[in-house]
Amino acid sequence: MNSNALREVHAPFDFTAVRRQFPILSREIRGKPLAYLDNGASAQRPLAVIEAVDAYERRHHANIHRGVHTLSQEATGLFERARDRLAAFIGARSRNEIIFVRGTTEGINLVAQSWARPLLHPGDEVLITHLEHHANIVPWQMVCEQTGATLVVAPMDEHGEVHAEAVEALMTPRTRLFACAHVSNALGTVLPVRRLMASARERGIVTLLDGAQAVPHLSVDVQSLGCDFYAFSGHKMFGPTGIGVLYGREALLERMPPWQGGGDMILTVSFEKTTYNALPHKFEAGTPNISGAVGLGAAVDFFASLDLPAAHAHEEALLAHAHRVLGDIPQLRVIGTAAHKVSLVSFIVTGVHPHDLGTILDADGIAIRTGHHCAMPVMEYFRVPATARASFAFYNTFEEIDRLAASVRHARQLFV
Amino acid sequence: MELADLYRDVILDHNRQPRNFGTLVPADASARGFNPLCGDRLDLSLRIADDRITDIRFDGQGCAISTASASLMTEAVKGRSRADALALFARVHRLLTDDDAAPDESLGKLAALSGVREYPARVKCASLCWHTLVAALKSGEPLAVSTE
């Protein structure tokens, strides 16, 4: 093989240098080097994020948007600059379209309660797919219960793929909203979202994408996706927990009533009449997670410092390697075999329950997720109570995946 | 803490070949246990005569710890009175959760579960069957047992 020719396609990704920016990756677990393969649940933080939060806490903290003193102005500046970075990061037209929330879950609930609840009537339909995370099922069930609307579920196939035709067949004149995952957390499937968004738009259906698993792996641009709402979490994209973003098209956000009442979301308050603040503050009642937003802004900068095409190519190579070495293990079945996946492998091993597997891997220093991944309908579909899920980030290595495979083989020997 | 302390031979054996596996029809008491964190499901059915557990079976799906714990439990409580079985649960609970628990020789094979207390995330796996037993004994009335 001509390595020069390869290099022309993708400069090799220097994951050794990247790993050095993540202090936790040099930890030992039970006497073994940590192999962190649970990035789908929460990714680790680079120094850039840790230090940005630390500097904020040490030097700049005060409440935002009200004080005239220096610290308040510094904190406000840092908080609002983070919003600007996030707007640029996902291609929002305006900073007013970036609402800070606790995470993807809160973003989806905000849309359910503020956009959907006042508009839905009995007979209206909310369309989702079979592979959704509970956070993109339950808020819609709740709003359907509140309004008398009906929840409609588009099917997936045995590979864990959602076919656009099958979804389009369920888009009717009664469909008011279509909400789906950009990437499935339990299976890794990348959904055909561009086509789905276009199909929904042609029919006048408002759209929401759950981007929690997409943002860490794909370059997300809400304009080219064509969605109305896009929700994602900071901690899955190497930022802090407790902070996330709801993107919404400004025209929609303008028409939506506030979700929560309180400070910061008002212009004037009297006992007779309260006037609401402008976007984005209308949806940010109360003192927000300021340090979290600052950390998330730093995570965006960190992404910008990466060679993203090379990082994505490395993740693809990790996925191919994982499919290869896990596929060689007898009695191991990969759950989720879509043609287009992010770097994540869900699997079961006959005779070894995922929870036992998780404990045995932990003894070898390997962190994976085991369970239903908050996607019980997916587990039901594949007739498994739970799976083991190894989810990779650009800082993972081929050697870590080899250790995963060796540890799975060891578990089989123990139990079978 | 070695893995072998958790997955002792007794546990592995009862996982591979669970004792008293199945469903009693009819049953004098039954209950379903469910662990929403991991999806483990356990159905217990009991025959009770003169306030004594004369027979007990379990069915369901779970990890090695939960399967072995259920299997060991059915062996341990068969023949015991209700009160005696509940008292045994209290001793097992100490074994699973109390780091300072003195070795309790009356537990017999159940002592093999002591490794669980080093793995807090797994305590629920071992205790699911016991909580289900308490529910069955306290209800007394037979519930519908689904074998799916």
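How far apart do the C-alpha centres of domain 1 of chain A and domain 2 of chain A lie? They lie 28 Å apart, in what is, please keep in mind, a predicted model.

- Domain 1 of chain A is made of two segments, 3-33 and 306-415, while domain 2 covers 50-304.
- Where the domains touch, domain 1 of chain A gives 20 residues to the contact and domain 2 of chain A gives 21 residues.
- On the domain 1 side, at least two residues each come from helix H12 (308-327), strand E14 (344-349) and helix H14 (376-381) of chain A.
- H14(A) provides the largest share of that side, with three residues.
- Sorted by class, the side of domain 1 of chain A that touches domain 2 of chain A holds 12 nonpolar, six polar and two charged residues.

**Chain B as a whole**

- You will find five helices and three strands in chain B, and their order along the sequence is α-α-β-β-β-α-α-α.
- Chain B is as compact as a globular protein of its length, because its radius of gyration of 14 Å is close to the 15 Å that the globule rule gives for 148 residues.
- The C-alpha trace of chain B spans about 45 × 30 × 25 Å along its principal axes.
- Of the 148 residues in chain B, 41% are buried.
- Taking the contacts in chain B between residues at least 6 apart in sequence, 64% join residues at least 24 apart.

- Strand E2 (residues 40-49) and strand E3 (residues 52-61) of chain B pair in the antiparallel sense, with nine bridges.

**Where chain B meets chain A**

- Chain B brings 15 residues to the contact and chain A brings 13 residues.
- On the chain B side, the elements that give two or more residues are helix H1 (3-6) and helix H2 (9-16) of chain B.
- That side of chain B, the one that touches chain A, consists of 10 nonpolar, four polar and one charged residues.

How values were computed
Residues numbered from 1 in each chain as written. Chains lettered and ligands numbered in written order. Predicted model: local features only at pLDDT ≥ 70, side-chain atom pairs only at ≥ 80, totals over all residues. Helix = DSSP H or I, 4+ residues; strand = E, 2+ residues; numbered from the N terminus. Rg over C-alpha atoms; globule rule 2.2 N^0.38 Å. Buried ≥ 20, exposed ≤ 12 C-beta atoms within 10 Å, placed from the backbone. Contact = placed C-beta atoms within 7 Å. Nonpolar A, V, L, I, M, F, W, Y, C, P; charged D, E, K, R; others polar. Domains from an automatic or database assignment. Pairing = 2+ DSSP bridges.
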